[in-house]
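Here is a short report on a structure.

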Amino acid sequence: MAADLRPEVVLLDFWVSPFGQRCRIALAEKGVPYEYREEDLLNKGDLLLRSNPVHKKIPVLLHAGRPVCESLAIVQYVDEAWPDAAPPLLPRDDDPYARAQARFWADYIDKKIYDCQTRLWKLKGDAQEQAKKDLIEVLETLEAELAGKPYFGGDNFGFVDVALVPFTSWFPTYEKLGGFSVEKCCPKIVAWAKLCRERESVAMALTDPDKVYEFVQFLQSKFGVKQ
Amino acid sequence: MEKTPENASQAAPLKLFGSWASSYTHRVQLALRLKGLEFEYAEEDLGSKSNELLRHNPVYKKVPVLVHGGRALPESVIILQYLDDAWPETRPLLPADAFDRALARFWCHFADDKLGPAVGAVFASMGEDQEAAVRQVHENLALIEAELRDGAFKGRRFFGGDEVGLLDVVLGCGSYWLAVFEEVTGVRLVDADAFPLFHAWLRDFEALDEVRETIPAVDRLLEYARGVRHMLLGLAGAGAAAASAAAAAPAEAPAAPAPAPAADIAVDI
């Protein structure tokens, strides 16, 4: 009988995706070996389409062939499927309120940041100005939530940090498009981002900010946005 | 009462801020009943929100909010997971297996991100826009039907298995609006022939005692829905400027949180 040579864990991803990066960080933090597969989003492969027929989007985590979709569901799955691998990404079972707070802020990040940043690069004039205002408001809300803590979860890097940190590579892009300084409005967030980047899992996953900006310029030309 | 960790113990009081027509509120009420938990209920006037609600949910200013031992939990799906974490030995809502949990979370997000807004769009539109919205609802229901027929939920009575779970609560509290909207708009949304398994699941869900205790009487829902549709269509006719001015109006559309295509109204439930 031929051995099953399929890798145990496969991540279908796209190099610059902050959502994919969340998954890469979670897998690295847990020390789970996996195969990374770059997807061509203009020409989506069979495996991606079969694994995520509902949205046809990356990231998708395949564990022993079974697909898990949506980045925050994937991160929680990684936390739960490898429970003995330190560190826990969500607060432990004995602190339900802390777990709820972690889910709340990760969900807030999901609801707000991607939408604001997309409007910031895609739109012009008043609509772009509104996107910038909205984005600053979101970052200020997160700044207030971070307060004096080293990480959003407190002393340890966790779920909310994983949810937000990939977007920090986009800060210079926000600044160029919006004409504002993230450091001026949210110094704690910038300090937190530096701290996170000291972790190998984060440093390996995040895209260089210059490459992010190049990518956004590519999107702008593709969508006919005047640069 | 001093805020010590013991406040969050199972004995600490539960207070739910909600709105009678809000399916998100119903989710929490149903979950509390399934878990056999006593709670105080405070009805919020969404056109004039209480200071207490705004204090407990400063980020979104929405219902439902569950306050447990003085600490506030907003967002219905997060509240439901909290109830499981805080009362793990009572009627679990989430499955035990990590993969099944990921599936439940995925479909809950689908319910709120895709199906709910699509249903809301049907309700808030007319003519060609409405036809497009109906097609969207049917596509979404077809995806769920496929999972019930051949996929992750094959052979199950409920999404949670033999008993209702998180996904049943999330999809179920909202699906009763389908029949109401059909009546009010005259549009067919859930065809028993096209979606037999979904139809059967919904019927079984709505027959449960705790569900019948939670969902308001259909004539109240109909009256409410008629009023909201009248307002939404009036605004769509009046144009975008009138619509955004009226978006602050007290009557807010039920169930779906998405803005209507013709009038940019955020539905605050």
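The sections below go through selected local features.

## Basis of the report

This is a predicted model; local features need pLDDT of at least 70, side-chain atom pairs count only at pLDDT 80 or more, and totals for chains, interfaces and linings use all residues. Residues are numbered from 1 along each chain as its sequence is written, chains are lettered from A and ligands numbered from 1 in the order in which they are written, and side-chain values use heavy atoms, with hydrogens and water left out.

## The second largest pocket

Rolling a probe the size of a water molecule over the atoms shows where empty space is left. Here a 1 Å grid over the protein atoms alone is used, and a pocket is an open set of points where a 1.4 Å probe fits, with protein on both sides within 12 Å along at least five of seven lines. Lining residues have an atom within 4 Å of a point. Grid points are joined across faces, edges and corners, and the volume is the space filled by probe spheres set on the points.

The second largest pocket holds about 500 Å³ of space. Its lining counts 22 residues. Nearest the centre lie Glu80(A), Asp93(A), Arg99(A), Asp85(B) and Arg101(B). Two elements give two or more residues to this lining: helix H3 (71-81) of chain A and helix H3 (76-86) of chain B. H3(A) gives the most, with three residues. Helices (H or I, at least four residues) and strands (E, at least two) are DSSP runs, numbered from the N terminus. By class, the lining has eleven nonpolar, one polar and ten charged residues. Nonpolar covers Ala, Val, Leu, Ile, Met, Phe, Trp, Tyr, Cys and Pro; charged covers Asp, Glu, Lys and Arg; the others, Gly among them, count as polar.

## Aromatic rings

A pair of aromatic rings is described by the distance of the centres and the angle of the planes. Rings of Phe, Tyr and Trp (its six-membered ring) pair if their centres lie within 6.5 Å; planes under 30 degrees apart count as stacked, over 60 as edge-to-face and the rest as tilted. The count comes to 26 aromatic pairs over all chains. Trp15(A) and Phe215(A) have ring centres 5.6 Å apart and planes at 80 degrees, so they pair edge-to-face. Trp15(A) lies in the loop between strand S1 (9-13) and helix H1 (18-29) of chain A, and Phe215(A) in helix H11 (residues 209-222) of chain A, so this pair ties together parts 200 residues apart in sequence. Trp15(A) is partly exposed at 32% relative accessibility, while Phe215(A) is buried at 14%. Buried means under 20% relative accessible area, exposed over 50%, and partly exposed in between (1.4 Å probe, protein chains only).

Trp105(A) and Tyr108(A) also pair edge-to-face, with centres 5.3 Å apart and planes at 75 degrees. They sit three residues apart in helix H4 (residues 96-122) of chain A, separated by about one helical turn. Trp105(A) is buried at 9%, and Tyr108(A) is buried at 4%. In chain B, one aromatic cluster is formed by Phe153(B), Phe159(B), Phe198(B), Trp201(B) and Phe205(B).

## Charges over rings

A charge sits over a ring if NZ of Lys or CZ of Arg is within 6 Å of the ring centre and within 35 degrees of the ring normal. The charged end of Arg66(A) sits over the ring of Phe99(B), 3.9 Å from its centre. Lys176(A) places its charged end over the ring of Tyr213(A), 4.6 Å from the centre.

Thr214(B), in helix H8 (residues 209-214) of chain B, is buried at 8% relative accessibility. Its side chain joins that of Arg33(B) in a polar contact of 2.8 Å.

His68(B) lies in strand S3 (residues 65-68) of chain B and is buried at 1%. Its side chain makes a polar contact of 2.7 Å with the side chain of Tyr82(B).

## Backbone geometry

Most residues other than glycine have a negative phi, and most peptide bonds are trans. A cis bond joins Ile58(A) and Pro59(A), with omega about -5 degrees. Another cis bond runs from Val63(B) to Pro64(B), with omega near 0 degrees.

Lys56(A) has a positive phi near 60 degrees and is partly exposed at 40%. Glu75(B) has a positive phi of about 75 degrees and is buried at 18%.

Note on methods: Polar contact = N/O pair within 3.5 Å; in protein donor to acceptor, adjacent residues only side chain to side chain.
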